[in-house]
Amino acid sequence: MEFHMTILVGILVTVAVYLLLSRNMIRIILGTAVLSHAVHLLLITMGGAGEGGVPLLRESDGPYADALPQALILTAIVISFATTALLLVLAYRTYEESGSDNMNTIRRIDRE
């Protein structure tokens, strides 16, 4: 199971880097969102998701699942959602001011 998750993380990082190297501002924002999801999956994989039982008393005698990676991922999801929302608002405002979402066009406007 972990091998499949690491392959998926690698594919998501590849897609994110491709989107981040784009000239379109929306694709760059989508690249940051995909990269954050890849990191979330990586944390789940490294944290050992699905291993062990429920961490409740008298529920099981075996090893318990660690809840700390799950709590960290939940916090990271909220932070990445807020960051994506902020980037979308900035992209919309930039598009209103410059009339384009192409990064090369926006750079030429700043130099003039």
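The axes of H2 and helix H3 (residues 68-98) come within 10 Å and cross at roughly 175°; axes here are lines fitted to C-alpha atoms, for helices over the stretch in contact, with angles running from 0 to 180 degrees between N-to-C directions. H2 and H3 are therefore roughly antiparallel to each other, a label that goes to angles over 145 degrees. On the H2 side, Met-25, Ile-26, Ile-29, Thr-32, Ala-33, Ser-36, His-40, Leu-43, Ile-44 and Gly-47 take part, and they meet Pro-69, Ile-73, Ala-76, Ile-77, Ser-80, Thr-84, Leu-87, Leu-88, Ala-91 and Thr-94 in H3. Contact means heavy atoms within 4.5 Å. Sorted by type, the H2 and H3 contact residues come out as 13 nonpolar, seven polar and no charged (Ala, Val, Leu, Ile, Met, Phe, Trp, Tyr, Cys and Pro count as nonpolar, Asp, Glu, Lys and Arg as charged, and the others, Gly among them, as polar).

All of this comes from a predicted model, in which local features need pLDDT of at least 70, side-chain atom pairs count only at pLDDT 80 or more, and totals for chains, interfaces and linings use all residues. Residues are numbered from 1 along each chain as its sequence is written, and side-chain values use heavy atoms, with hydrogens and water left out.

As for H3 itself, the helix has 31 residues and reaches 44 Å from its first C-alpha to its last, close to the 45 Å expected (1.5 Å times one less than the number of residues). Pro-69, Ile-73, Ser-80, Thr-84 and Ala-91 of H3 are buried, meaning under 20% relative accessible area with a 1.4 Å probe, protein chains only. H2 is part of what covers these buried H3 residues.

The H1 and H2 contact residues split into 16 nonpolar, four polar and two charged.

Zooming out, the protein chain has four helices and zero strands, where helices are DSSP runs of H or I with at least four residues and strands are E runs of at least two, numbered from the N terminus. Of its 112 residues, 20% count as buried. Among contacts between residues at least 6 apart in sequence, 51% join residues at least 24 apart.

Note on methods
Parallel < 35°, antiparallel > 145°, perpendicular 65-115°, else oblique. Buried < 20%, exposed > 50% of the residue type's maximum accessible area, 1.4 Å probe, protein only.
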